[in-house]
Amino acid sequence: MEVAQPKDLKEDFVLAKRRHAELVRQKRIFNARNRIIGGDTTAWDAQVCDQNIKAATEKARDEAFAAEMRQNDKIACISENRERRDRKNLCKAINDFQQSFQRPETRREFDLSDPLALKKDRPARQSDYDARNTISGMQKFMGEDLNFHLRKKFQEEQNREWSLQQQKERMIGRENQKCAEDLYLKTRLQFDETAKHLQDLETATRKAVCATVKEFNKNQALESAEKKIQERKQEQEDNLAEISNMLRGDLLSENPQQAASSFGPHRVVPDRWKGMSQEQLEEIRLVQKHQVQEKLRLQEEERQRDMDWDRGGFRRLAPPCCLSSSSSACSVACAGPWTAATSAWPGAAPAEKTYEGTLYQSCH
């Protein structure tokens with residue numbers, strides 16, 4: 001038999017801890033539901049445990065409050081009964097004391113106003129113990145005992161009355177104790193029945209509340225699911241509408257009409273203009289080609305004029321008016337396509353007839 005050393009116990013504890021960690025890791029990895037859905041079961045279990053602890057704590061507190069309330073009600077009832085009984089006994093004792101020790105006959109001045117004073121008047125001597133038998137009256141002498149038999153009879157009667165009174169008080173005390181025990185038992189049974197009834201009402205109310213809460217949660221879950229479905233459907237419809245609008249809109253289709261300005265057909269909106277079309281580009285190239293040809297022709301004419309001027313035969317040319325008219329017509333004919341082309345450019349200003357002025361000045 002081997003003795004377990006602290007080192008062995010520590011190694012066993014570390015090994016058991018590793019085994020437990022490995023089991024927990026395998027459970028977390030091979031659990032398809034947690035791996036796919038990603039639910040935090042540990043947090044859920046902790047929340048459920050906290051809710052159970054909270055419910056048990058509230059239940060224990062409610063039970064403690066109920067027990068304390070019942071105990072306080074019981075103590076209050078007992079105290080009230082005891083106070084009522086003490087008050088009754090005090091009033092009875094006061095009445096008995098007044099009837100026994102505070103009667104009108106015991107007053108000091110009653111003998112002056114007693115209506116039966118003559119009837120109650122005593123003879124000169126009633127007994128040996130009469131207070132009026134003074135020494136000077138010589139009504140009683142040493143050794144005489146005239147009231148012995150009466151005194152003995154009175155003492156026996158007094159002892160008998162005391163014994164009867166003690167028996168009566170003992171019997172009354174037993175009856176009062178029995179009544180108090182019966183009242184206490186009846187009150188306790190009534191309290192138990194009331195507590196049972198309240199507990200049944202609380203159980204029924206709690207069941208009804210649980211059923212109502214469960215139904216409410218179910219309705220809330222259904223409404224939430226329906227709302228999510230409607231929101232997802234509305235979002236899909238909005239996305240489809242946005243995609244359709246983008247595909248059919250002017251931005252992606254590059255509609256040239258969207259760049260048209262309200263200030264005229266030759267103006268455009270810069271932030272919407274996508275560039276010139278192929279027809280406009282071909283027209284601009286054609287106009288540039290005509291401009292190049294016109295410039296070459298004008299350069300050739302200028303060269304011819306320079307040569308004629310150098311030879312001195314400039315006067316043999318056509319008259320200035322004809323030359324001016326022919327040059328103007330030519331310049332107008334050449335400037336026609338340029339003016340039409342430049343007017344077709346977006347944002348272009350009207351063309352100026354610069355060539356006509358140049359030819360006219362040269363002719364003159």
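Which residue forms a salt bridge with Glu80, and how far apart are the closest N and O atoms? The partner is Arg84, and the closest N and O atoms are 3.2 Å apart. By salt bridge I mean a side-chain nitrogen of Lys or Arg within 4 Å of a carboxyl oxygen of Asp or Glu.

Quick ground rules. This is a predicted model, where local features need pLDDT of at least 70, side-chain atom pairs count only at pLDDT 80 or more, and totals for chains, interfaces and linings use all residues. Residues are numbered from 1 along each chain as its sequence is written, and side-chain values use heavy atoms, with hydrogens and water left out.

The salt-bridge count comes to 13. I'll take three of them.

Back to Arg84 and Glu80. They sit 4 residues apart in helix α3 (residues 41-101), so about one helical turn separates them. Helices here are DSSP runs of H or I, at least four residues, numbered from the N terminus. Arg84 is partly exposed at 41% relative accessible area. Glu80 is partly exposed too, at 44%. Partly exposed lies between buried (under 20%) and exposed (over 50%), with a 1.4 Å probe and protein chains only.

Next, helix α6 (residues 278-311). Glu300 and Arg303 lie there, 3 residues apart, about one turn. Their closest N and O atoms are 2.2 Å apart. Glu300 has 36% relative accessible area, and Arg303 has 41%.

A network, now. Salt bridges with shared partners join Glu157, Arg160 and Glu161.

Conventions: Helices (H or I, at least four residues) and strands (E, at least two) are DSSP runs, numbered from the N terminus.
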